[in-house]
Amino acid sequence: MSEAKKSSWKTACYQWLDERLDLAGWLAFAKKKTVPEHKHSFWYYWGGISLFLFLVQCLTGVLLLVYFRPGPEAYESVRQITYEIHFGWLIRAAHSWSANLMIFAVMVHMFSAAFMKAYRKPREFTWWSGLALLLLSMLFGFSGYLLVWDETAYFATKVGLEIPHSLPWIGPFLADLARGGPDVSPTTLQRFFALHVVVIPAIFTPILVFHLWLVQKHGNAVPPSEEAKPKEQRKSIPFFPNFLMKDLAMWLITLNVIAILASMWPVQLGPAADPLKPAPVGIHPEWYYMSSFQVLKIFGALFPGTTGEVLGMILFTLGLVLWALLPLYDTSSQFGKRAKQATYFILFALFVLVTTTIWGYLAL
Ligand code: HEM
């Protein structure tokens, strides 16, 4: 085909699509949108990285679903995926690594939004919807962990569900509802499967769309140091194509990180779960639950019976409520007293999260 013919064919294609989908309108819109540029701009990528990792989770999750069989054959199907199906091990490892990276990226994104004070007016709902996404991501992780049905998955879930069980009044009801009885059993696996592939995605997806719509509506917040500058001194770059290209470069780096981790350290499969066996020593939850696990352990050791665990849970819930209320407390747009207190609170939260997580691993 000659060059002239090729380009007229392209133009015709473009026109056909433009008449139906208003491509020119979308393009003009993307070119008008700008993203602030300053020395903290690096942190703007983390929301996009979280989004990319979520997409990887959806894709690898659907591929796993082709071979995974919930029910009595769950363990056998994971064994086949890991050892028999071509590249099954890679998809399983990518799903597992990307899940961990996603929660890590969401946490980095949350703390960077907190330090930039991006929760302030008019972004309160962006903050709250984001927080809901983090909690749901952690539930994704918890429900997915059991599906493998090996020894570690079984006992980690058993220990994990004992935590809500110790809550006064509703605790036993909640734990029994999640387990489908007094013990972790194949019924629990069936329930966790429904949660993992239907219920949580059905709640997560509309909240994510709402979160992204809000980001689009309000644009990116700038950190207080930038806000203090006169408007003419603030720099920005067009979203399309400049920022999008940088975003895509970050996604490519993330994909490489997943590929390296998944191929160098593929996830293992332990012996099948046997409820009659004693729990292996040092059983512990995933790293993102380690902080709460350790706080409960400390309180459990300080106060006898279930009092300690209940106190620990009350403290953690209180911390979470205060975290959610940050946008309503730190409302000024300048460096006022409340702004400083909020920054100390964020620093304190980060410190507690990191130290209790490390402490948890050291105490195993
Ligand atoms: C799966 C989880 C999440 C995804 C996929 C996601 C995605 C995004 C994206 C793509 C952006 C725009 C780019 C950026 O500023 O980074 C954004 C902005 C934002 N997100 Fe999230 N997010 C998630 C979780 C969270 C969490 C846990 C919080 C906080 C509790 C949060 C709070 C915010 C805020 C306040 C903004 C606006 C930032 C600004 O204006 O600069 N997000 N999010």
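The largest nonpolar core of this predicted model has 49 residues, among which Trp-127, Phe-204 and Trp-323 touch the most other members. Helix α5, spanning residues 88–115, gives the most to this core, with twelve residues.

**Nonpolar cores**

- Phe-204 touches Phe-54, Met-102, Leu-133, Leu-136, Ser-137 and Phe-140, when residues up to four places away in sequence are not counted.

**Aromatic pairs: Tyr-45 with Phe-243**

- The model contains 23 aromatic pairs, counted for rings whose centres lie within 6.5 Å.
- One of these joins Tyr-45 and Phe-243, whose ring centres are 5.3 Å apart; their planes meet at 5°, so the pair is stacked, the cut-off for stacking being under 30 degrees.
- Tyr-45 belongs to helix α3 (residues 45–67) and Phe-243 to helix α11 (residues 239–264), so the pair ties together parts that are 198 residues apart in sequence.
- Tyr-45 has a relative accessible area of 10% and is buried.
- Phe-243, with a relative accessible area of 7%, is likewise buried.
- Tyr-45 and Phe-243 also belong to one aromatic cluster, together with Phe-42, Trp-43, Trp-46, Phe-104 and Phe-239.

**Aromatic pairs: Phe-68 with Phe-193**

- The ring centres of Phe-68 and Phe-193 lie 5.7 Å apart, and the angle of 40° between their planes means that the pair is tilted.
- This pair, too, links distant parts of the chain: Phe-68 is in the loop between α3 and α4 (74–83), whereas Phe-193 is in helix α9 (residues 186–218), 125 residues apart.
- Phe-68 and Phe-193 are both buried.

**Charges over rings**

- The charged end of Arg-20 is placed over the ring of Trp-16, at 4.1 Å from the ring centre.
- The charged end of Arg-338 sits over the ring of Tyr-329, and the distance to the centre of that ring is 4.3 Å.

Conventions
Residues are numbered from 1 along each chain as its sequence is written. This is a predicted model: local features need pLDDT of at least 70, side-chain atom pairs count only at pLDDT 80 or more; totals for chains, interfaces and linings use all residues. Side-chain values use heavy atoms; hydrogens and water are left out. Rings of Phe, Tyr and Trp (its six-membered ring) pair if their centres lie within 6.5 Å; planes under 30 degrees apart count as stacked, over 60 as edge-to-face and the rest as tilted. Helices (H or I, at least four residues) and strands (E, at least two) are DSSP runs, numbered from the N terminus. Buried means under 20% relative accessible area, exposed over 50%, partly exposed in between (1.4 Å probe, protein chains only). A charge sits over a ring if NZ of Lys or CZ of Arg is within 6 Å of the ring centre and within 35 degrees of the ring normal. A nonpolar core is a set of buried Ala, Val, Leu, Ile, Met, Phe, Trp, Tyr and Cys residues joined through side-chain atoms within 4.5 Å. Contact means heavy atoms within 4.5 Å.
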